[in-house]
Amino acid sequence: MGDEELLELLRKSRRNNALRGVTGLLLYRNQCFLQVLEGPESVVESLIKTIEADPRHHSIRTLCREVGPRQFGTWQMGFENLDVETDQVGKTSLMTQDFDPDYFGANPTTAQTLLLCFRGIADPAVVASLGS
Ligand SMILES: Cc1cc2nc3c(=O)[nH]c(=O)nc-3n(C[C@H](O)[C@H](O)[C@H](O)COP(=O)(O)O)c2cc1C
């Protein structure tokens, strides 16, 4: 996806999510997305079906489902394009490597830790050790 397409996707997602009480984070890297969706179960399930049917991508995998407090409660859909070079402090190898869906599928907690790192609650040292 180009920058404009990503921005448009994000704009619409944030507008819809605000209306539906959905929060989360979307990461993009080498044509792969890693996303957290939080909200009432029925709303999230229905959104997953909508996203599954979206022709802009294929083969969704659900890495984990959890019941609990939101981790991204103030983010209508945070976003980071990891294809774009930044000087982010504490950037770890996991953030600079291409996303590997098979690896994340086998290591869902690593994916979770990476996502949480963007919210600033995961210890970057922990994430660094996960990536090595
Ligand atoms: C990777 C990916 C993530 C998406 N995330 C969201 C999202 O968080 N919220 C949302 O409403 N739509 C999201 N979409 C877009 C939906 O698939 C769909 O196009 C959109 O919800 C339709 O909105 P509309 O009915 O208002 O036109 C995402 C699409 C992709 C490809």
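## Contacts and burial

Take the contacts between residues at least 6 apart in sequence: 64% of them join residues at least 24 apart. The model is a predicted one. The chain has 132 residues, and 17% of them are buried.

## Order of elements

The chain holds six helices and three strands. Along the sequence they follow the pattern α-β-β-α-β-α-α-α-α.

The three strands form an open sheet in the order 2-1-3, with mixed pairing. Strand 2 (32-38) and strand 3 (78-81) stand at the edges. Each has a single partner strand, so one side of each lacks a neighbour in the sheet. From one strand to the next, the twist averages 5°.

Strand 1 covers residues 23-29. Strand 1 and strand 3 run parallel and are joined by four bridges. Across this pair, Leu26 stands opposite Phe79 of strand 3. In general, strands of a sheet pair through backbone hydrogen bonds, in either a parallel or an antiparallel way.

## The loop between strands 1 and 2

Two residues with positive phi sit here. Asn30 lies in the loop between strand 1 and strand 2. Its phi is about 35°, positive although Asn30 is not a glycine. Asn30 has 10 C-beta neighbours inside 10 Å, so it counts as exposed; the cut-off for exposed is 12 or fewer.

Gln31 also lies in the loop between strand 1 and strand 2. The phi of Gln31 is near 70°, again a positive value in a residue other than glycine. Gln31 counts as exposed because it has 10 C-beta neighbours inside 10 Å.

## Helix 5

Helix 5 spans residues 108-119, twelve residues in total. From its first C-alpha to its last it reaches 17 Å. That is close to the 16 Å expected at 1.5 Å a residue.

Which residues of helix 5 are buried? They are Ala111, Leu114, Leu115, Cys117 and Phe118. These residues cover an arc of only 150° around the axis, and therefore lie on the same side of helix 5.

After helix 5 comes Gly120. The phi of Gly120 is positive, near 90°.

Technical notes
Residues are numbered from 1 along each chain as its sequence is written. This is a predicted model: local features need pLDDT of at least 70, side-chain atom pairs count only at pLDDT 80 or more; totals for chains, interfaces and linings use all residues. A residue is buried if 20 or more other C-beta atoms lie within 10 Å of its own, exposed if 12 or fewer, and partly exposed in between; C-beta atoms are placed from the backbone. Two residues are in contact if their C-beta atoms, placed from the backbone, lie within 7 Å. Two strands pair if DSSP finds at least two bridges between them. Axes are lines fitted to C-alpha atoms, for helices over the stretch in contact, and angles run from 0 to 180 degrees between N-to-C directions. The expected span of a helix is 1.5 Å times one less than its number of residues. The arc is that of the directions from the helix axis to the C-beta atoms.
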